[in-house]
Amino acid sequence: MLAVVFVGYLIFGISENMKGPALPRMQEDFRLEEWQLGLLLAFNSLGFLLACSFAGRIVQTIGLRTACLLTFGFMAASGWLIGSAQGFVPFAGAFFFFYVWNGLLEIALAVLSARLFTKNTGFMMNLSHFFYGLSSTGAPLAATGMMAWSVGGEALGWRGMYTVLLLTCALPMLPALLAKFPKESAAQAEARVTWRSFMRDKVAWCVVVLLAFGVTAELAVGGWLVNFLEKSYGWDTVRASGMLSAFFFCFTIARLVLGPLTDRFGFVKSIVLFAGFSGACTCVGILLGEPGAALLALAGAGIAPVYPTVMAFLAKRYPHGTDAAITFTVTTIGILGIVGNFLIGAATDALGYRAGYSLIGFSALGCAAAGVVLYRWLHKEGRVI
């Protein structure tokens, strides 16, 4: 069961963060403006949102095992679709298809982790996401190296790279077939259709806002950092991809080292502290210019624990409705994720790369601010977690 979770997050990290070095090449091949690139990423977020909207029902209907098997299989198949797409419209459609199954994978892994890790929840959630960070660290460099591979006298390119790397999504299918999946408890089954209660809960909406800012600050780096460094500072792809890998190295180590602290320090306090640190690093790094580029990588250490710590918070706040809480939260933040990606692309197109990338830092600071509000509300209830 642990192999399904840990290998699943390894695959998730590869699939999410291989795009950074490839985006400039895609942009060149399809002759996209910056706002069109932002729109493409927003369109992908729409596919993710669509998946989240029906992921809970799929898991309930066919079970976690079958949902995981379908997800891994179709993600592997999407690599061929992306690699063989010749026009922008087929390419966008293939990317959309890929992100639909990527979204389902995130929900399935989150639900599985919540059912499995009932003790030391903060540590175990961060440990699971450590494997996401581990593969995210190597994914940009692997993608860059693979694009340069010579096949038949020609470079493999971003198309071949996507085809080859996404084939690895089939690897977790074996442990998924062999593992004994935890079943939904009777209490969880009774509470799983409680979306209305979440929509009336101001704490649930504060968590949505907090996580939307946090996810934007985390995921946008994979799509924009390489572009930012290449076009603002004139870095080559290898050097820029190395900085992206440095971001995910800090990201990975933070989840391994800081994860145990979240259980002791408190989930909400941890989110405020870590997100604030990430936002400060990003904003200061941009103000310093090229000499401050290392701070953009260090920001990964702060934003890394936010997502798994929020998942741990949901498991503790809603112990008898965790599946519904996770599905509601992740689905709702998908809407704000679409807006976030588009705004970054639009700001970059209108005001330049520094202004666009600054929005990533402001998103992390927004996450910290929402955490402060959440802490005050929970403190009044006497239920600080």
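## Cysteines without a bond

A disulfide is a pair of cysteine sulfur atoms within 2.5 Å. With that cut-off in hand, the structure, a predicted model, holds zero disulfides. Cysteine 206 is in no disulfide, and its nearest cysteine sulfur, that of cysteine 367, is 9.9 Å away. Seen from cysteine 367, the closest cysteine sulfur is the one in cysteine 206, and at 9.9 Å this is too far for a bond.

Are these two cysteines buried or exposed? Here buried means under 20% relative accessible area, exposed over 50%, and partly exposed in between, using a 1.4 Å probe and protein chains only. Cysteine 206 counts as buried because its relative accessibility is 8%, and cysteine 367 counts as buried at 0%.

## How to read the numbers

Residues are numbered from 1 along each chain as its sequence is written, and side-chain values use heavy atoms, with hydrogens and water left out. As this is a predicted model, local features need pLDDT of at least 70 and side-chain atom pairs count only at pLDDT 80 or more, while totals for chains, interfaces and linings use all residues.

## The second largest pocket

A pocket is an open set of points on a 1 Å grid over the protein atoms alone, where a 1.4 Å probe fits, with protein on both sides within 12 Å along at least five of seven lines; lining residues have an atom within 4 Å of a point. The second largest pocket has about 200 Å³ of space, a volume being the space filled by probe spheres set on the points, which are joined across faces, edges and corners.

Which helices supply at least two residues each to this lining? They are helix 10 (202-233), helix 15 (322-351) and helix 16 (353-381), where helices are DSSP runs (H or I, at least four residues) numbered from the N terminus. Helix 15 gives the largest share, five residues. Among the lining residues are Val209, Phe213, Leu336, Gly340 and Phe362.

Helix 16 has 29 residues and reaches 43 Å from its first C-alpha to its last, close to the 42 Å expected at 1.5 Å a residue; the expected span is 1.5 Å times one less than the number of residues. Glycine 382 follows helix 16, with a positive phi near 75°.

Phenylalanine 362 sits in helix 16 and is partly exposed, with a relative accessible area of 48%. Its C-alpha is separated by 17 Å from that of proline 305, 57 residues apart along the chain.
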